[in-house]
Structures are given as structure tokens and as C-alpha cells.
Amino acid sequence: MKKCKKFGTAKMLLLTAAVSSAVLLSGCNGDKTDGGKTRVTMLQYKPEAVKAFEEIERRFNESHSDIELNIESPNEAMTVLKTRLIREDYPDIVGIGGDINYSNFLDADLFEDISDIEIIDDIKPAYLKMEKELEFIQKDGVYAIPYAANCAGILYNKDMFDENGWEIPETWSEFTALCEKIKSTGTTPLYFGYKDTWTCLAPWNALAVGLAPSDVCSSVNAGKTTFKAEYDEVADKIKQLLDYAEPNPYAYSYNDACTAFARGESAMYPIGSYAVPQILSVNPEMNIDSFTFPANEDKADNVLNSGIDLQFCVMKESKNKDAAYEVLRFLNEDETVQIYLDNQGGIPCKNGDFTIPSMLNGMTEYINSGRMSDFHDHHYPSEMSVDALIQTYLMDGSENSAEIFLERFDAEWARYNRDLIAKIKKYEEAGSNE
């Protein structure tokens with residue numbers, strides 16, 4: 001899960017119409033530099049990574065005499081991209097998150113099938129599977145090169161654990177028993193910071209990947225199941241966590257939670273690896289490690305919540321596809337990947353011997369074995385405001401709160417995905433009639 005603005009289905013339909021009307025027109029404005037080099041433009045959505053991309057751009061241009069790479073890293077990059085598409089000002093490459101933004105752009109047929117580029121063979125199968133699961137309707141081919149991922153589970157204060165002899169839990173029962181043990185010492189086991197509603201998605205996602213199918217959203221869209229059936233245990237366990245939280249977690253923000261954990265006010269923090277820089281800004285000397293959320297009673301059933309934080313796509317309207325492929329190859333070189341990881345942390349989507357942050361050591365077993373599944377909220381429409389739904393549910397003390405919540409989840413899903421569900425139904429009916 002990332003804090004980002006997602007693109008609504010209704011708005012995407014308008015964009016699709018605008019782009020479709022322009023599809024026969026010329027794409028990039030200016031394919032050559034004054035020196036005769038082929039100009040490749042990349043628009044990437046992570047402004048916090050601008051330093052890494054400046055270094056990557058410099059190294060590429062120094063090592064290539066026939067191609068000039070220009071990397072743009074604007075704020076609100078997806079809004080910038082949508083505006084450019086309407087103006088028919090297409091970049092060659094897009095750096096985008098593995099979330100519903102990607103799903104919407106892919107559904108609008110904006111990305112090139114790049115299954116013929118050999119570097120795909122270097123990507124970890126788990127991340128290629130996540131990329132395919134982001135397709136609303138299954139397509140032949142590959143449309144993105146997964147590059148860097150983040151993960152979420154439990155961050156913990158390693159010094160505190162070592163001093164008290166607390167062991168890392170591997171099952172749900174062991175986890176709740178550990179929380180009870182920590183609580184008995186007068187220390188708060190978990191900090192949440194639910195005032196910022198998006199933080200409710202952190203434990204939700206980490207539980208959901210181990211307790212519900214990875215394709216639950218597409219299965220619901222196809223009418224094969226319901227969220228009430230698939231999310232019942234997720235809803236039950238996320239509420240149980242409140243017994244081990246700070247008093248009134250809805251009064252504290254994400255920044256408050258990061259600060260409290262950094263100051264030793266809780267032993268653990270259920271959040272993603274993206275929170276580590278914020279925590280270390282408060283306490284640079286803090287010894288942080290992590291473990292996969294033990295959602296099940298059998299360790300073998302546990303799954304690491306990991307999602308694609310950055311992937312690269314070639315625009316279908318690019319006039320410089322050979323040069324764009326050369327850029328993708330350069331991006332995927334080990335040395336280039338490490339430049340990005342050193343700047344941003346996270347997990348490489350490529351197989352290889354890379355240095356990853358030490359605070360992810362406790363998750364390496366799952367990373368190396370590919371026991372990972374995507375953030376479920378990467379498939380949720382932003383208009384549905386699932387984070388607010390979860391917060392409302394957690395604040396509801398009634399006996400039937402879970403039933404109310406899950407029924408509302410299904411109803412809201414049907415409302416905000418009405419057009420997509422109809423499209424999938426039409427597609428499947430057409431396939432069955434062939």
C-alpha cells in the first residue's frame with residue numbers, strides 16, 4: 001500500500017475516449033535532439049526518488065552516444081500524465097505503481113506488449129504474477145517490468161525484544177500470546193495511528209494476504225464469491241488487534257504513531273517498510289527489524305504482504321520503442337537497480353544478489369521463496385474509500401458490526417465497480433458463445 005491518489009473508473013472512461021480519438025495522430029513531439037540522438041522521455045511518479053533518477057539519467061547518457069534519456073519526476077505525476085495524454089504529448093516510458101492506476105491505464109489499451117524483451121526472464125515470478133492480477137480482463141502478453149517493491153507486516157523494536165527475551169511469533173496464537181506478555185509488562189504491544197484513515201489499510205492488507213485469495217477482487221467482479229465470504233476472518237482479526245493498541249488509536253496520526261514507536265512507546269508497529277525513514281528521522285539509532293504478519297495457525301499458510309512500488313511500461317504511442325527497450329535494459333542492470341535501492345530502500349523485483357535494508361531481514365525467508373502476495377487495496381477503487389469503511393467498522397462496538405461492515409463492503413463494491421462488472425460479464429458471455 002502507498003499513499004497515492006487513484007484514478008476513478010468514470011474519469012478513466014472519459015480519458016479513454018479522449019485518448020482513443022487521438023490514437024491515429026502523431027505521438028511524441030520531437031524524437032531527435034539537435035545532435036541527432038534519439039530522445040527517450042520517461043515520466044515517473046515518485047518525486048521522492050528524484051536524486052536516484054538524476055544519477056541514473058546521467059549514467060545512461062554518459063554511456064550511450066545515440067540515445068538521450070530525459071527523466072521527468074513531477075509532483076502528482078499521474079495527473080500530469082493524464083493531462084499529457086489528452087494533449088497527445090506521450091512519454092515513451094512511464095514509471096508507475098502496481099496499483100489501480102496501472103489497471104485503468106492498461107484497460108484503456110495505452111501500454112505496449114513488451115513480452116519480447118529478454119529482461120522479463122530476470123524478474124521474480126511472484127511479481128510478474130502480481131502484475132497479471134492487476135488486469136481487469138486477462139490479456140495476452142506482458143505490459144510492465146516490475147522494478148522495486150515494498151512490503152508490510154510487523155516492524156518491531158529489536159533491542160526491546162532482545163532485552164526481554166521475546167521470540168518472533170510464527171502463528172496467530174503465538175502472536176496474540178506475545179501481545180499479552182508485552183502488555184503485562186506495562187508496554188503497549190502495538191501502535192496504529194488510525195486518525196489518518198489510510199493507516200487502517202496496513203494491518204488489513206497484511207492480514208488479508210494470508211487469509212483471503214490473492215484474486216478475491218477479480219473473483220467478486222466475476223460473480224464467483226463475495227467479500228462477506230472471503231473477508232470474514234480478516235475483519236474478525238483486525239478488530240482483535242485493538243485489545244493491544246494504544247488508548248483511542250483514532251486520536252493519533254501516522255506521524256504520531258511513527259514518533260511513538262521510535263521513542264519506545266510500543267514494542268511493535270503494524271505498518272509497511274515505507275514508514276522506516278519517518279521512524280528513523282525521529283530516532284536514527286533505533287534498531288528495527290520486521291516479521292511477516294502471522295495471520296494463520298499454521299506458519300506454512302502465512303504470506304508476506306509485498307507489492308510493486310515501481311514498474312516501467314512503454315507507451316503504445318511511443319515512436320522510439322527500440323530506444324525505449326535499451327533504456328529498460330539499462331534500468332534492469334544490477335548496478336542501476338542498486339542505485340535505486342540505496343536511495344529508496346525496498347525489495348528488488350529482479351533476481352540477483354542485492355543489498356536490501358537490514359530492517360527487512362526478518363522477511364527474507366518469504367522474499368527469497370516467493371511467498372508473497374499483493375496489497376489488496378491496490379485493487380480497490382479510490383471512490384469507495386475502503387480505509388474509511390474499515391475505520392468506521394473498528395469504531396463500531398455493536399455485536400453485529402462485522403456483518404454490517406462486510407455487507408456494506410459488498411454493496412459499495414457493486415456500486416463503484418458497476419461498469420467494470422458489466423464489462424467483465426459481457427466479455428465472459430462473448431467467450432462462452434464462441
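## Salt bridges: the rule

A salt bridge is a side-chain nitrogen of Lys or Arg within 4 Å of a carboxyl oxygen of Asp or Glu. Take E135 and K132. Their side chains meet in a salt bridge, with 2.8 Å from N to O. E135 is buried, at a relative accessible area of 3%. K132 is partly exposed, at 22%. The cut-off explains the two labels, because buried means under 20% relative accessible area.

This model is predicted. By the salt-bridge rule, the count comes to 25.

## The overall build

The protein has 19 helices and 11 strands. Its radius of gyration is 22 Å, close to the 22 Å that the globule rule gives for 434 residues, so the protein is as compact as a globular protein of that length. Along its principal axes, the C-alpha trace spans about 70 × 55 × 35 Å.

Buried residues make up 55% of the 434 residues. The accessible surface comes to about 18200 Å². Carbon and sulfur atoms hold 46% of that surface. Residues 24 or more positions apart account for 79% of them.

## Charges across the protein

The protein carries 41 positive and 73 negative charges. Side chains of opposite charge can pair when their charged atoms come close.

Some charges join in a group. E55, R58, R59, E62 and E335 are linked in a network of salt bridges.

K46 and D309 form a salt bridge through their side chains, at 2.9 Å from N to O. This pair links distant parts of the chain, 263 residues apart. K46 sits in the loop between β1 (38-44) and α2 (50-63). D309 sits in strand β9, residues 304-314. Are K46 and D309 buried or exposed? Both are buried.

D109 and K316 also meet in a salt bridge, at 2.8 Å from N to O. D109 lies in the loop between α4 (100-107) and α5 (125-133), and K316 in the loop between β9 and α14 (321-331), so the pair ties together parts that are 207 residues apart in sequence. D109 counts as partly exposed, at 39% relative accessibility. K316 counts as partly exposed too, at 35%.

## A buried lysine without a partner

K124 is in the loop between α4 and α5. It is buried yet has no salt bridge. Which side chain of opposite charge is nearest to K124? That is D353, 10 Å away. A salt bridge needs a nitrogen within 4 Å of a carboxyl oxygen.

What does K124 touch, leaving aside its neighbours within four places in sequence? The contacts are I347, P348, C349, K350, N351 and I367.

## An enclosed helix

Helix α17 covers residues 386-395. Of its 10 residues, 7 are buried, so the helix is largely enclosed by the rest of the structure. The buried residues are V386, D387, L389, I390, Q391, Y393 and L394.

Where do these buried residues pack? They pack against α8 (201-211), α11 (232-240) and α18 (401-416). An α-helix has 3.6 residues a turn, so residues three or four places apart point the same way.

Terms used:
Residues are numbered from 1 along each chain as its sequence is written. This is a predicted model: local features need pLDDT of at least 70, side-chain atom pairs count only at pLDDT 80 or more; totals for chains, interfaces and linings use all residues. Side-chain values use heavy atoms; hydrogens and water are left out. Helices (H or I, at least four residues) and strands (E, at least two) are DSSP runs, numbered from the N terminus. The radius of gyration is taken over C-alpha atoms; the globule rule is 2.2 Å times the number of residues to the power 0.38. Buried means under 20% relative accessible area, exposed over 50%, partly exposed in between (1.4 Å probe, protein chains only). Contact means heavy atoms within 4.5 Å. Accessible areas come from the Shrake-Rupley method with a 1.4 Å probe; for residues, only the protein chains shown count as cover. Lys and Arg count as positive and Asp and Glu as negative; His and the chain ends are not counted. The place of a charge is taken as NZ of Lys, CZ of Arg, CG of Asp or CD of Glu.
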